Amino acid sequence: MKEISENAIVRFKNLSKKFGDFYAVSNVNIEINNGEIVGFLGPNGAGKSTTMKMMAYLLKPTEGEIWIRVNGNLEKLSNHNKDYLLDNVGFLIENPFFYGNVSPRMILKYFAELKGYPIKKVNQRIEDVIDMFGLSDWIDKKIKTFSKGMRQKIGIASAIIHNPDIVVLDEPTTGLDPQARREVRDFILKLKKIGKTIFLSSHLLYEVSEVADRIAIINRGKIVAFDTLDNLEAKAKKSVIHIELLNHPEEQDLNNILDNLKEILTPLTGITKDLNWIKYNHDTKTFQIFFNGDPKNQFSILKTLLANNFEVIEFSVPKAGLLENLFIDLVSNSVSNPSDNGFNKIENKKSILMEE
Amino acid sequence: MVSILKNNIVTEQINIERQKVGLRRDIMQINNTISFELKRNFRRFIVLLIVYAGIFFLSLLMNELLYDLMGEFAPTDSISLMQNYIGQFFILALIISAAMFGGSIIAEDFYRQTGNLLFPKISKTRLLVGRLISRYILNALCILFFYVLVATTSFIKYQEVDLKIFYSIGWALLYSFVLLCFVSFLSSFMKNTSFTIITSILFLLIVMQMVPVILSYSGVVENNEIPMFFIFSYFGNIISECLNMPAVRYETITHPPALEYSQWSTPSEFGAALGMIIYIIIFLTLAYILYQRRQSKSE
């Protein structure tokens with residue numbers, strides 16, 4: 001393993017967790033730097049939650065170490081110093097469920113005091129954090145009257161109420177509607193702005209790629225990639241263009257348009273002929289064109305579309321598309337390895353990835 | 001400039017507080033949990049005060065309005081009045097309040113998944129200790145409330161309150177802790193709060209009452225000559241019997257024409273104290289072990 005960066009605030013070193021004969025997490029090495037957002041991506045059962053629970057000291061690693069920086073010193077997490085080190089970490093483990101008959105002020109006060117926040121400053125801190133989430137009018141209302149999105153905000157507030165430097169969010173948008181998901185993503189970016197380091201797990205590519213500086217992809221307990229989004233995209237070399245036309249095609253014209261697009265665009269995608277695909281998404285009313293990810297090919301496709309009188313009103317390459325392909329490639333590779341067992345097939349994973 | 005200075009002061013205070021680890025952290029978190037749980041269970045506490053008041057009025061009804069029908073059992077002085085009030089329905093109130101306060105002590109966090117928020121902010125051990133203490137405080141306040149009502153009645157009727165009432169209070173407080181530990185033990189493996197409450201009430205009211213009767217008739221223990229230390233509800237008898245010590249501990253009850261059986265009416269003071277402490281240790285140890293091993297749905 002390379003030398004520890006001076007900027008590293010969390011480090012997983014050869015971290016493994018074994019249940020019986022099964023390695024849920026195997027030899028994970030991740031270094032998280034101060035102030036960055038690291039996305040932890042993988043399908044269900046890949047080992048994300050197990051890793052996070054080891055960090056929270058809810059599970060003890062079978063092998064390896066976790067190091068956390070507090071007051072400038074990087075220290076190894078152990079039973080002896082877990083209180084002290086974990087005071088600098090705020091956790092939100094999956095969906096938060098609250099006692100219905102308490103108010104945000106009451107529960108946040110309890111959590112802040114548990115983590116040693118100065119008693120005289122607690123009330124001010126609660127008001128500041130609640131204000132940051134735009135819930136000041138609800139601070140003394142019973143949580144049972146809150147919507148799911150509001151509860152999730154209180155969950156994130158509970159993770160940062162004691163002012164930790166590191167915030168660990170495990171699947172923070174699971175079960176939320178699109179509006180609430182967007183709000184949670186905005187809060188994650190807001191936390192980064194105020195200097196927090198965020199370790200965010202998800203099985204949704206879109207969610208992670210929207211906010212993360214670096215992404216660790218885990219599958220079958222092993223880290224299969226850990227890099228910046230740009231580098232991962234460069235590795236992927238393939239992507240999907242989303243096109244929306246001024247007039248949405250009628251059902252009877254759709255096949256003709258698709259044939260026409262295939263004829264004029266296939267030579268421009270940079271993909272071998274048998275792997276090419278162009279399809280229409282009825283939900284988003286967009287055409288999707290698979291190409292090699294090269295900006296030159298992207299430009300040629302746009303030029304050709306315009307030259308052929310397609311009234312293009314949107315032409316975009318969502319970043320998640322790139323990552324999705326890379327993810328599927330990486331996961332496919334590990335699925336094809338006969339030594340691995342006990343995991344879902346790639347088709348299942350694809351459907352999970354498309355959830356967003 | 002001022003806000004930077006303020007932030008630095010807060011950060012410094014946070015760092016000082018975070019140095020409190022080990023025993024100091026244990027005490028701090030237990031203390032925080034007690035305070036939080038007292039507030040959170042306040043409504044339940046009010047409901048149980050009403051239950052205790054109801055039980056008191058039921059006893060009042062029996063002892064005052066049905067006074068003539070009670071014959072030899074009718075109270076004639078402060079001691080017999082207290083014995084009647086405490087011996088009649090008070091045990092029922094103790095069982096209900098222990099079930100209500102203890103039913104949710106562990107099961108709730110697993111059923112409602114509130115544990116996802118609590119851990120790792122606090123360890124299971126500290127949480128359990130804090131909850132037990134806070135709920136025991138509320139339970140004890142309910143019990144004291146009942147005794148205040150009984151003492152007031154005694155004072156109004158006989159212009160005296162026998163000081164033996166304090167013995168009874170002491171035994172009631174100890175026995176209520178045994179019950180709370182028993183319900184906590186049930187809560188450590190049962191699915192949800194409601195199920196724990198119902199099961200514990202039924203178990204304490206029916207099973208525990210039936211065992212001595214079954215033993216008596218079955219002949220397994222001849223004439224019930226062995227004190228029933230193996231039935232922990234037996235220790236509850238001392239709460240009222242202590243007012244009449246040295247009480248008749250082993251008695252033969254005859255219901256004409258043909259029903260006659262023997263039973264132990266109360267343990268000795270030493271036996272009660274020792275027995276209850278042993279049961280507390282057993283129930284708490286089991287509850288703790290099961291709680292530590294129990295995993296939430298998401299784990």
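Residues are numbered from 1 along each chain as its sequence is written, and chains are lettered from A and ligands numbered from 1 in the order in which they are written. Because the model is predicted, local features need pLDDT of at least 70 and side-chain atom pairs count only at pLDDT 80 or more, whereas totals for chains, interfaces and linings use all residues.

The secondary structure of chain A comprises 12 helices and 14 strands, where helices (H or I, at least four residues) and strands (E, at least two) are DSSP runs numbered from the N terminus. Of the 356 residues in chain A, 44% are buried; a residue is buried if 20 or more other C-beta atoms lie within 10 Å of its own, exposed if 12 or fewer, and partly exposed in between, with C-beta atoms placed from the backbone. Among contacts in chain A between residues at least 6 apart in sequence, 69% link residues at least 24 apart; two residues are in contact if their C-beta atoms, placed from the backbone, lie within 7 Å.

One open sheet of chain A has 6 strands in the order β6-β7-β8-β3-β9-β10, with mixed pairing; two strands pair if DSSP finds at least two bridges between them. Its edge strands, each pairing on one side only, are β6 (89–93) and β10 (222–228) of chain A. Neighbouring strands of this sheet are turned by 15° against each other on average, direction ignored; axes are lines fitted to C-alpha atoms, for helices over the stretch in contact, and angles run from 0 to 180 degrees between N-to-C directions. Within the sheet, β3 (residues 37–41) and β8 (residues 197–202) of chain A run parallel and are joined by 5 bridges, with A:G39 opposite A:L200 of β8(A). Helix α5 (residues 148–160) of chain A lies across β6 and β7 (166–170) of chain A, at about 155° to β6(A). Helix α6 (residues 178–193) of chain A lies across β3, β7 and β8 of chain A and runs at about 155° to β8(A).

A second open sheet of chain A consists of 4 strands in the order β12-β13-β11-β14, with antiparallel pairing. The edges are formed by β12 (278–281) and β14 (312–316) of chain A, each of which pairs on one side only. The twist from one strand to the next averages 25°. Strand β11 (residues 239–245) of chain A pairs with β14(A) in the antiparallel sense over 4 bridges, and A:H242 stands opposite A:S316 in β14(A). Helix α9 (residues 254–265) of chain A lies across β12 and β13 (286–291) of chain A, running at about 145° to β12(A). Helix α10 (residues 295–307) of chain A also packs on the sheet, touching β11, β13 and β14 of chain A, and its direction makes about 140° with that of β13(A).

Elsewhere in chain A, β4 (residues 63–70) and β5 (residues 73–76) run antiparallel and are joined by 4 bridges. A:R69 stands opposite A:L74 in β5(A). The hairpin of these strands has 2 residues between them, and A:N71 takes a positive phi near 50°.

Chain B has 12 helices and 2 strands. Buried residues account for 38% of its 299 residues. Helix α12 (residues 269–293) of chain B has 25 residues and reaches 36 Å from its first C-alpha to its last, close to the expected 36 Å; the expected span is 1.5 Å times one less than the number of residues. Buried residues of α12(B) include B:M276, B:Y279 and B:F283, and the buried residues of this helix pack against α8 (124–158), α9 and α11 (238–241) of chain B. In helix α3 (residues 42–65) of chain B, B:L60 counts as partly exposed because it has 14 C-beta neighbours inside 10 Å.

The largest nonpolar core has 143 residues, of which A:L200 and B:V178 touch the most other members; such a core is a set of buried Ala, Val, Leu, Ile, Met, Phe, Trp, Tyr and Cys residues joined through C-beta atoms within 7 Å. Helix α9 (residues 165–187) of chain B gives the largest share of this core, 13 residues.

Between the chains, 25 residues of chain B are in contact with 30 residues of chain A.
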